[in-house]
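Here are my notes on this one, as numbered points. Have a look at the fold first, then read on.

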Amino acid sequence: QVEYAQKLTKRDATGKVTSVKVIAPSPHAAFNQAAEAAARGEDFEPAMRDGVAMPYTLSFTYRFRIQQ
């Protein structure tokens, strides 16, 4: 069985996460919490426009596989 949790993250001009919002939760709260923790722990390269770093929003789906 595969479960998904989709998060919307906002990042500042350095690529650091400034907020995380659940936009498509898993029915399992533990997966939502794990996806949020993963999103907050990630660092990305900043978005660039005309050579200038800028804040941006990123949607990402975390996939969890339940093995029985």
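**Notes on the sheet, helix and core**

1. Let's start with the sheet: three strands, 3 in the order β2-β1-β5, form an open sheet with antiparallel pairing. Strands pair if DSSP finds at least two bridges between them, and strands (E, at least two residues) and helices (H or I, at least four) are DSSP runs numbered from the N terminus. β2 and β5 are the edge strands with a single partner each, so one side of each has no neighbour in the sheet. From one strand to the next, the twist averages 30 degrees.

2. This is a predicted model, where local features need pLDDT of at least 70 and side-chain atom pairs count only at pLDDT 80 or more, while totals for chains, interfaces and linings use all residues. Residues are numbered from 1 along each chain as its sequence is written, and side-chain values use heavy atoms, with hydrogens and water left out.

3. Strand β1 (residues 2-11) runs antiparallel to β2, joined by 6 bridges. Gln6 has Ala24 of β2 as its bridge partner. α1 packs on the sheet and touches β1, β2 and β5, its direction making about 35 degrees with that of β1. Axes here are lines fitted to C-alpha atoms (for helices, over the stretch in contact), with angles from 0 to 180 degrees between N-to-C directions.

4. The largest nonpolar core has 8 residues: Ala5, Val17, Val20, Phe31, Ala35, Ala39, Tyr62 and Phe64. α1 gives the largest share, 3 residues. Such a core is a set of buried Ala, Val, Leu, Ile, Met, Phe, Trp, Tyr and Cys residues joined through side-chain atoms within 4.5 Å, buried being under 20% relative accessible area (1.4 Å probe, protein chains only).

5. Beyond its neighbours within four places in sequence, Phe64 is in contact (heavy atoms within 4.5 Å) with Gln1, Val2, Glu3, Ala5, Phe31, Ala34 and Ala35.

Notes
Buried < 20%, exposed > 50% of the residue type's maximum accessible area, 1.4 Å probe, protein only.
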